[in-house]
Amino acid sequence: MTAQRPPRRPADFLAANRGGGLATMLDQRGGALFAYAAWRAGLKPSHLSLLNLVLGIGVSAGVIAYIPAAREGYPWWPVAIAALVLWQAAYMIDCADGQLARVTGTGSDAGARVDVLCDIAIQASVVAVVVAVTDAYTPAVPAWCGAAFAALWMTNLVTAVMAKEDASISMVTSTSLPVRLVKLVRDYGFVIAVIALALLVPGLMWVVMLGFGAVNALFLLASIAVNARASLR
């Protein structure tokens, strides 16, 4: 049996990515750089997962903590730009842990669970940012809207896990550019960029919350319909 050739450059890690939307593919490229650096440093995939956790939640906590100062008149733009850069960096690290595991053969069931659990924690913190900013700047939005947004956000994670278990059913299989552009509304890399940029005009965060909430609600209903139809054949 021929021994696996050790990785020599970031491109070796990028080749092991599992794809994604247009925005996520950019993060996969950044993730290859992080994966290569982690390999050179002797780190394991779970080290990257935990680094992603600390960075992602730290950014969200910082944004929420800044709200009182912003309400006193301090500008949002430095925080918005920092959130944009650091959330994307955290997502690149999230992409990197899988690349590192696949290229080096150091993945494990426990490591995969750590990755998923860290993703859930970070995304819950991003949801908290959206709801907190909306509540601070648009208190007229009913509380149930924030609760529904938080619950529907998890549609992406649940359907992603289901897709890994059974990829035989897909609502849209086309990989054409127009379809990929439409799918950006459910691309995590794109979504966190929109949320970060929305901090520049925090009074409009409610639009982001209701917009992405509606998209996830429609996708959930469509997923139920497609899978129900398949199960009743």
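So, contacts along the chain: if you take the ones between residues at least 6 apart in sequence, 81% join residues at least 24 apart. Keep in mind that this is a predicted model. The chain has 233 residues, and 38% of them count as buried.

What is the chain built from? The secondary structure comes to 10 helices and zero strands. Read from the N terminus on, the elements simply go α-α-α-α-α-α-α-α-α-α.

Okay, let me take you through two helix pairs, and we'll start with H4 and H9. H4 covers residues 77-104 and H9 covers residues 188-198. Their axes come within 8 Å and cross at roughly 165 degrees. Anything over 145 degrees counts as roughly antiparallel, so that is what we call H4 and H9. As for handedness, H4 passes H9 in a right-handed crossing.

Who makes the contact here? On the H4 side you have Ala-80, Ala-83, Leu-84, Trp-87, Gln-88 and Tyr-91. Facing them from H9 are Tyr-188, Gly-189, Ile-192, Ala-193, Ile-195, Ala-196 and Leu-197.

Is Gln-99 buried or exposed? It's buried, because its relative accessible area is 0%, and the cut-off for buried is under 20%. And what is Gln-99 in contact with, once we leave aside its neighbours within four places in sequence? The list runs Phe-13, Leu-14, Ala-16, Asn-17, Gln-28, Gly-31, Ala-32 and Ala-35.

Next pair: H5 and H10. H5 is residues 109-137, H10 is residues 205-231, and they pack at an angle of about 135 degrees with their axes 8 Å apart. With that angle, H5 and H10 are oblique to each other. The crossing of H5 and H10 is left-handed, while the one between H4 and H9, remember, is right-handed.

For the contact itself, H5 brings Val-130, Val-131, Val-133 and Thr-134, and these meet Met-205, Trp-206 and Met-209 of H10. That contact divides into six nonpolar residues, one polar and no charged.

Staying in H10 for a moment, this is also where you'll find Gly-211. How does Gly-211 count for accessibility? Its relative accessibility is 33%, so Gly-211 goes down as partly exposed. If you want a distance to go with that, the C-alpha atoms of Gly-211 and Val-185 are separated by 9.4 Å, and the two residues sit 26 apart along the chain.

Last topic, charges. Side chains of opposite charge can pair when their charged atoms come close. How many salt bridges does a search of the whole structure find? One. That salt bridge is between the side chains of Asp-12 and Arg-9, at 3.9 Å from N to O. The cut-off is 4 Å, so the pair counts.

The two partners look like this for accessibility. Asp-12 is buried, with a relative accessible area of 16%. Arg-9, on the other hand, is at 51% and so counts as exposed; the line for exposed is over 50%.

Okay, that's my tour.

How values were computed
Residues are numbered from 1 along each chain as its sequence is written. This is a predicted model: local features need pLDDT of at least 70, side-chain atom pairs count only at pLDDT 80 or more; totals for chains, interfaces and linings use all residues. Side-chain values use heavy atoms; hydrogens and water are left out. Axes are lines fitted to C-alpha atoms, for helices over the stretch in contact, and angles run from 0 to 180 degrees between N-to-C directions. Helices (H or I, at least four residues) and strands (E, at least two) are DSSP runs, numbered from the N terminus. Angles under 35 degrees count as roughly parallel, over 145 as roughly antiparallel, 65 to 115 as roughly perpendicular and the rest as oblique. A crossing is left-handed if the near helix is turned anticlockwise from the far one by less than a right angle, and right-handed if clockwise. Contact means heavy atoms within 4.5 Å. Ala, Val, Leu, Ile, Met, Phe, Trp, Tyr, Cys and Pro count as nonpolar, Asp, Glu, Lys and Arg as charged, and the others, Gly among them, as polar. Buried means under 20% relative accessible area, exposed over 50%, partly exposed in between (1.4 Å probe, protein chains only).
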